Amino acid sequence: MNNVSEKLDLTITQPKSENRKIPKSWKSLGSIQQNWIKVEKDDKGYLIYEPCDGETPTIKLVKGELHIKPQIEPEQVFTIVKFTRTKSNKGLMIDIYPGNNEEISSVYAEIIEPQNGLVLWLSLIHI
């Protein structure tokens with residue numbers, strides 16, 4: 001029997017746009033923003049995370065794929081298997097397949113502050 005533990009990875013991001021406001025809910029898959037960047041919160045508000053080494057982490061939805069670019073590591077591309085919206089349409093579960101006969105994983109995105117375009121992204125990583 002394989003020992004599989006799950007590590008919860010939390011990242012808060014916002015759309016890569018001058019207009020930060022997003023809908024309070026995702027009424028359709030077409031209303032989900034396609035490009036996201038990592039932001040940090042301080043006592044004055046939010047700022048774009050710009051590391052001194054590497055790049056600003058990003059998440060992109062591109063033609064049936066989820067592209068995740070961490071700070072230093074190369075971009076990872078996952079095939080989107082299924083989208084599921086929650087009843088309130090504020091949350092979205094994305095089942096993704098990394099290829100190479102690995103297991104399907106899930107990524108969850110939830111609208112936190114629509115006026116600032118803030119979405120909490122959660123991913124379950126199998127170790």
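Asn-89 touches Ser-25, Trp-26 and Lys-27, with residues up to four places away in sequence left out of the count; contact here means heavy atoms within 4.5 Å. Asn-89 sits in the loop between strand E6 (76–85) and E7. Its side chain also meets that of Arg-85 in a polar contact of 3.5 Å. A polar contact is a pair of N or O atoms within 3.5 Å; within protein, one must be able to donate a hydrogen and the other to accept it, and residues adjacent in sequence count only if both atoms are side-chain atoms.

The model is predicted, with local features requiring pLDDT of at least 70 and side-chain atom pairs counting only at pLDDT 80 or more, while totals for chains, interfaces and linings use all residues. Residues are numbered from 1 along each chain as its sequence is written, and side-chain values use heavy atoms, leaving out hydrogens and water.

The chain has 9 strands and 0 helices. Both kinds of element are DSSP runs numbered from the N terminus: helices (H or I) need at least four residues, strands (E) at least two. Read from the N terminus, the order is β-β-β-β-β-β-β-β-β. The chain has 127 residues, and 36% of them count as buried. Buried means under 20% relative accessible area, exposed means over 50%, and partly exposed lies in between (1.4 Å probe, protein chains only). The chain exposes about 8400 Å². Carbon and sulfur atoms supply 50% of that area. Accessible areas come from the Shrake-Rupley method with a 1.4 Å probe; for residues, only the protein chains shown count as cover. Among contacts between residues at least 6 apart in sequence, 40% join residues at least 24 apart.

The largest nonpolar core holds 17 residues. Such a core is a set of buried Ala, Val, Leu, Ile, Met, Phe, Trp, Tyr and Cys residues joined through side-chain atoms within 4.5 Å. Trp-26, Trp-36, Leu-66, Ile-94, Ile-96, Val-119 and Trp-121 touch the most other members. Strands E4, E6, E7, E8 and E9 each supply at least two residues of this core. Leu-66 has contacts with Ile-59, Lys-60, Leu-61, Gln-76, Val-77, Phe-78, Ile-80, Ile-96 and Val-107, its neighbours within four places in sequence being set aside.

The structure holds 1 aromatic pair. Trp-36 and Trp-121 form it, edge-to-face, at 5.9 Å centre to centre and with 65 degrees between the planes. The pair links distant parts of the chain: Trp-36 lies in strand E2 (residues 35–42) and Trp-121 in strand E9 (residues 118–126), 85 residues apart. Rings of Phe, Tyr and Trp (its six-membered ring) pair if their centres lie within 6.5 Å; planes under 30 degrees apart count as stacked, over 60 as edge-to-face and the rest as tilted. Trp-36 counts as buried because its relative accessibility is 1%. Trp-121 is at 3% and so counts as buried too.

Strand E6 carries Phe-83. This residue has a relative accessible area of 31%, so Phe-83 is partly exposed. Beyond residues up to four places away in sequence, Phe-83 touches Leu-29, Leu-92, Met-93 and Ile-94. Phe-83 and Asp-95 are 12 residues apart in sequence, and their C-alpha atoms are 6.5 Å apart. Ile-22 belongs to the loop between strand E1 (6–15) and E2. With a relative accessible area of 6%, Ile-22 is buried.

Side chains of opposite charge can pair when their charged atoms come close. A search of the whole structure finds 1 salt bridge, defined as a side-chain nitrogen of Lys or Arg within 4 Å of a carboxyl oxygen of Asp or Glu. Glu-40 and Lys-38 form this bridge (3.9 Å, N to O). Glu-40 is partly exposed at 31% relative accessibility. Lys-38 is partly exposed at 22%.

Most residues other than glycine have a negative phi. Lys-63 has a positive phi, near 40 degrees. Lys-63 lies in the loop between strand E4 (58–62) and strand E5 (65–69), and is exposed at 83% relative accessibility. Asn-101 has a positive phi near 60 degrees. The loop between strand E7 (91–97) and strand E8 (105–113) holds Asn-101, which is exposed with a relative accessible area of 77%.
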